[in-house]
Amino acid sequence: MKVFIDPPNSLVLYDLVERFGHQPLSAMAAIQERVDNLEVDMPPMNVSLDDVVKGLKYAGVEVPSGIRGRLALWGPMIEEADAAIIMDDCPYSFGCVGCERSNLMVKYLIKRRGIPALHVSYPEDDEQATNFVAQTKEFLEGLQ
Amino acid sequence: MTIKIAQLSCGTEYSSVQYEIEKAARSVGAKIVYPDVSAADIDDAVRRFGFTPRSPQLKLMIARAAALADEKYDADAVFITTCFRCAEAALIRNELRRFIQENTRLPVVTYSFTERLKASQLLTRMEALVTIVSRKELLARERQTGITVGLDSGSSTTKAVVMENNKIIGKDWTPSGDVIQSATQVLNNALEMAGIEMKQVEAIGTTGYGRFTLGEHFGAKLVQEELTVNSKGAVWLADRQRGEATIIDIGGMDNKAITVRDGVPDNFTMGGICAGASGRFLEMTARRLKIDVTELGALADKGNWRNAKMNSYCSVFGIQDLVTTLGEGKSFEDVAAAACHSVAEQVYEQQLQEIDVRHPIIEVGGTSLISGLVTQVGEVLGERPIVPPDSQYIGAVGGALLSSGFL
Amino acid sequence: MSAERETRLLMISPSSMLTPDQLVRMVHSFGLTVTVKETCYGCLIEASAETAREVLSRVRERYPNEVFSKVRAYRCSDPVRCRAQHGTRPGYAQLEEEWSLLPRIQHGLEEVEKGAKYVPPAEKKRIPVNDFKKICEAQR
């Protein structure tokens, strides 16, 4: 099944989803699609004005362009996802996920889709990490 | 030498403007770089800075600024840019600008972008950053020598000045039409006034929107953007070449607010989104009052803006306000004062919020001749600006002064 | 290769004894059509999606819980993302943070293999104001 990960560029979540037999939907895939598009020449990410305009589907014009551009990339993946794993209190989220307002909107869009969604906490010690891995594994194995 | 401009930003890549930023930098011989920081530096920098934004990318901006302040990363200038309409980023953008100015000697420019940003909108700003870095010695010049000419091809008017041994000996201006034709006309008149022939002129400096065209046509030794040239012209005319000052130039199409240290800009903002906040609005007002724009200032000084509230946030709405106000039977004097106040307020809200106003305030450009506007700028800022003689000739004077550096 | 191209990071958990050099040599030893680039954290591989996953599964056979992987949008050595060209891009700090978390995840995976189950953590509740007041009074 297709599992959206949030933060969408997380190594740990991507790895676990794949490890336990599902297809992660990630920021990297959305960006690769653009980077490999030879018809657009807007490096570094080839996110074009068209993308930002498409973001209007998720947020109005009064919302900053960076948010609309992000939602234009993550939004379609959330629509495509069968399930989602969300790390709620992630202490690191730079770059792709550097805008907190976009991150909040992503969580809301997942909720609105009504797909099975697992909220996990960032582990702070080995015990919590074991719990985090076990919880993620049980959720992914439970997806039919 | 490639000038390294450190970019501190949030949202540029997802707004599809990063490419435009890099293109603008490249076209003026500069390169955009990102100060290296590690994850551990970020928490430390944010703690030290004392403002913890929720968005992690803004934290990264803070850490990058700290790397510049600590001289852990080498750059020549700083460009701070974030999404237009993001409140969190606007706060960080301005405080980081202040932090950079307090902790480094690097020139800095801030900008808030929309997805429609094009490289051309950034060119003058990027060019100014590069000029400040690469022409330090030239910008330090305080005296004009020999016989030189400055040509300023602005959006509303074209100006020429002839200088000899640190004195203005000829000058003229005309409303801008064809770039070369307008410049040729004012140049000939200025030369005639000076009693000088073209072949005696040792160097020409051009600035303003038409600078490249004029530079090529007249074989100018100096072709430079108006931010640095106008600053030099302003401090020379106001005799404030040493120390700090703020230069306000309300132009026909865009406004500039520049802070200078010893005549060299270290921070500037340029507006241009809104005609309501520029000289254009005053021209429209004068036309509606059926007076010449040169009479507007004196008229405004006789009125009281409080009697005729007007909002020029958008020139269309502003004119609507104007029509309504006149319809209500308000006096021309009050309406003229209200129009001047509205422009002053817009400049305060849109430009002066992004720089730290330093004293004295020098108001220049064609609009500084409208005394009512100067009065209102003074009222808004709580200090009447200095308007030097020949204040509309700053660009031309700056061009003549700086081009003598090539003799 | 664009539609099929898969570029992957293979990141070694800092608590592993495996070195990037050993990892790269192991990938080469598979004899698959793959570009491998050694990095400070492990390596980058680039191949068709099928081959890239084959590489990953073979690495996992040998080092099941100490090598982690995700795909990368940019090709190996893409100058657009190269640190030497511009300085670090924004995602760098995040990777650094995730790398430091890997020993805990490695530990978690090992424990789960041994049969550890998810135990819902005890819910933390804020103390009632009256209790807090008593504590404050006791401190006087």
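**View 1. Nonpolar surface patch of chain A in the predicted model.** In this predicted model, the side chains of A:Val53, A:Leu56 and A:Val61 make up a nonpolar patch on the surface. Together these residues have about 230 Å² of accessible area. A:Val61 sits in the loop that runs between helix H3 (49-54) and helix H4 (65-80) of chain A.

View 2. C:Arg8 and A:Glu18 form a salt bridge in which the closest N and O atoms are 2.4 Å apart. C:Arg8 belongs to strand E1 (residues 5-12) of chain C and A:Glu18 to helix H1 (residues 11-19) of chain A, so this pair joins two chains. Both partners are buried: C:Arg8 has a relative accessibility of 0%, and A:Glu18 has a relative accessible area of 18%. Over all chains, the structure holds 38 salt bridges.

View 3. C:Arg25 pairs with C:Asp21 in a salt bridge, with 2.5 Å between the closest N and O atoms. The two residues are four apart in helix H1 (residues 20-29) of chain C, so about one helical turn separates them. C:Arg25 is exposed at 51% relative accessibility, whereas C:Asp21 is partly exposed at 34%. Elsewhere, A:Glu18, C:Glu6, C:Arg8 and C:Arg53 are joined into one network by salt bridges that share partners.

**View 4. Buried salt bridge in chain B.** B:Asp152 and B:Lys159 meet through their side chains in a salt bridge, at 3.8 Å from N to O. B:Asp152 counts as buried at 7% relative accessibility, and B:Lys159 is buried with a relative accessible area of 9%.

**View 5. Helix H4 of chain B.** Helix H4 covers residues 87-103 of chain B, 17 residues in number. At 1.5 Å a residue the helix should span 24 Å, and its end C-alpha atoms are 24 Å apart, which agrees. Buried residues of this helix include B:Ala89, B:Ile92, B:Leu96, B:Phe99 and B:Ile100. Among the buried residues are also B:Glu88, B:Arg93 and B:Arg97.

**View 6. Cis peptide bonds in chains A and B.** The peptide bond from A:Pro43 to A:Pro44 is cis, with omega near 10 degrees. A:Pro44 is placed in the loop between helix H2 (27-35) and H3 of chain A. In chain B, B:His359 and B:Pro360 are joined by a cis peptide bond with omega of about 0 degrees. B:Pro360 lies in the loop between helix H13 (332-350) and strand E13 (361-364).

**View 7. Positive phi angles at two loop residues of chain B.** B:Asn165 is not a glycine but has a positive phi of about 45 degrees. The residue is found in the loop between strand E6 (157-164) and strand E7 (167-175), and counts as partly exposed at 48% relative accessibility. B:Asp239, also not a glycine, has a positive phi of about 55 degrees. B:Asp239 lies in the loop between helix H9 (226-237) and strand E10 (244-250), and is exposed, with a relative accessible area of 64%.

Definitions and conventions. Residues numbered from 1 in each chain as written. Chains lettered and ligands numbered in written order. Predicted model: local features only at pLDDT ≥ 70, side-chain atom pairs only at ≥ 80, totals over all residues. Heavy atoms only, no water. Expected span 1.5 Å × (residues − 1). Buried < 20%, exposed > 50% of the residue type's maximum accessible area, 1.4 Å probe, protein only. Salt bridge = Lys/Arg side-chain N within 4 Å of Asp/Glu carboxyl O. Patch = residues over 30% accessible without salt bridge, like charges linked within 9 Å, V, L, I, M, F, W, Y side chains within 5 Å. Areas by Shrake-Rupley, 256 points an atom, 1.4 Å probe, with all protein chains shown as cover.
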